[in-house]
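Please take a moment to look at the sequence and the model before reading on.

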Amino acid sequence: MKDSQHHLIDGSHQHNLTKFYTIPAHIKIASVFIFVLLVVLTPGKNFQAHLSFAVIVLAMLIWNRIPLSLIRKRLIIEIPFVLFAFFLPILGTGPRIDFFGLKLSEAGLWAGWNILVKATIGVMMSLLLSTTTPQRELLVGLEKLKFPKLLVQIMSFMIRYTVVVTEEVKRMAIARESRCFEAKGPKQWAVLARSGGALFIRSYERGERVHMAMLSRGYTGQLPLTSIQISSRQDFINGTLLPLAALVVILFWSVFLK
Amino acid sequence: MKLPQMHIPDGFINAQISVLALVISAVFVYVALQGAKRQLDEKVAPLAGLSAVFIFAMQMINFPVAAGTSGHLIGGALAAILIGPWAGVLAVTVVLIVQALVFADGGLTAIGLNVLNMSVMATLMAWIIFRLLQRMFPKNRIGFLSATAIAAYLSVPLSAIGFTIEFALGGTAAIELSTVLGAMVGVHAVIGLGEAIITVLTISAVLSVRKDLVFGATNSKISLGK
């Protein structure tokens, strides 16, 4: 996560942008959200539908040239839940079936599959959204989706200062190491926590300085709008394509399976 | 090996309960926004924003346990006691939203569930416990830090209980509820020890130099610039 932060935060994207990049953020967020919600709504037992969803997601990732290394990095987040999914067939309730010589819970197998496939699709769709939308535009998008203005402002401060503060964390770590500090076990927690305390004071004071600077430029609690994204009818139509594809998949397989 | 954070992904809890959680957490966030505005006026955005960065950065610090494993802070109780319950709820919520939107950590449809577990169960509840204990305990440093320790400790199994309730209502897995509750609360009862120790050490460090910045120690509005 740490290495990719800069890449994401300064929004350095690829040069040949696909059409997906140009969809206004609020439409893109809604579109991805509804797609994932439809995936979550589809029962795991509808095996074919989920394979079709996976094909759509993979096609989107390839089309938008999302680097494989980034996909791998993001999937690591899933690990605890993947482990849980693998334990389900063993711990699960209900009748047991023979699965490659193992007696496993059938319901547990389905539940494990359900979690695995939906979580993976969810991670990949979030990745698609975050790599094709600069963070500033994500914020504008959330504001257009009627997120409370104050919450969006807090988010904008978080995003703006994450690099500054994480760099501070790294500098503190270097400073500790240069004093021959080595974190081996809980005995060293006090030192680390003191660094944490110092970090809080520095962050809080930075917040105060930022606030003063804002006041001196005439801040009254409202941030001025810096970019106005005009969304056309075409953008809206493009935005409906993803949820529409999911609906088609669901309808197709529910008719076909009957 | 660093243990990753447990943010619920998409599909772990069914869509109905996920959307319901989204609605409930929206109400809490609305209340928190009003509370923070009363407490901080127009300073809310920069201060809650920088506190969110602080929580996020604090989670990056590895606390070695043993044999190459390390844990990190969750930070709900820390946020509440340092900057107050409402700004704390907002900071933790914003961290969760940014993690889901920017780092694909935690499902987009599961944001409501994660906000309920981390902001409401871990942060707001930690604050309530802290305040109750603060009234009962002696009004000195030991009493203050003891209240901090217990609130931070309980915040972790409390968020595990939040998870178990969500799982009971909308879990997609066929597994005995008692198994989930036992495993979740059991594991988190141990993790809570680390949370309590780190939170106390951190707050104690801030108390020593800038007591005025610790909201839990002011008993009134946060006083700035002293």
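Predicted model: local features only at pLDDT ≥ 70, side-chain atom pairs only at ≥ 80, totals over all residues.

If a box is drawn along the principal axes, the C-alpha atoms of chain B fill roughly 55 × 40 × 35 Å. Of the 226 residues in chain B, 60% are buried.

What is chain B built from? Chain B has 8 helices and 2 strands, and when its elements are read from the N terminus on, they run α-α-β-β-α-α-α-α-α-α. The contacts within chain B can be considered alongside this order: among those between residues at least 6 apart in sequence, 74% join residues at least 24 apart.

Chain B also touches chain A, and this contact takes 75 residues from chain A and 62 residues from chain B. On the side of chain A that touches chain B, at least two residues each come from α3 (25-41), α6 (79-91), α7 (106-132), α8 (135-144), α9 (149-178) and α10 (189-216) of chain A. Which helix gives the most to this side of chain A? The answer is α10(A), with 18 residues.

Within chain A, the domain assignment gives domain 1 (2-142 + 229-257) and domain 2 (147-216). The centres of domain 1 of chain A and domain 2 of chain A, taken over C-alpha atoms, are separated by 32 Å.

We can now turn to a pair of helices in chain A. Two packed helices are described by the angle between their axes and the distance between the axes. For α3(A) and α8(A), the angle is about 75 degrees and the axes lie 7 Å apart. Because angles of 65 to 115 degrees count as roughly perpendicular, α3(A) is roughly perpendicular to α8(A).

Which residues meet where α3(A) and α8(A) come together? From α3(A) there are A:Ala25, A:His26, A:Lys28 and A:Ile29, and from α8(A) there are A:Glu137, A:Leu138, A:Val140, A:Gly141, A:Leu142 and A:Lys144. The residues of this contact of α3(A) with α8(A) divide into 5 nonpolar, 2 polar and 3 charged.

Methods: Residues numbered from 1 in each chain as written. Chains lettered and ligands numbered in written order. Contact = placed C-beta atoms within 7 Å. Helix = DSSP H or I, 4+ residues; strand = E, 2+ residues; numbered from the N terminus. Buried ≥ 20, exposed ≤ 12 C-beta atoms within 10 Å, placed from the backbone. Axes fitted to C-alpha atoms, helices over the stretch in contact; angles between N-to-C directions. Parallel < 35°, antiparallel > 145°, perpendicular 65-115°, else oblique. Nonpolar A, V, L, I, M, F, W, Y, C, P; charged D, E, K, R; others polar. Domains from an automatic or database assignment.
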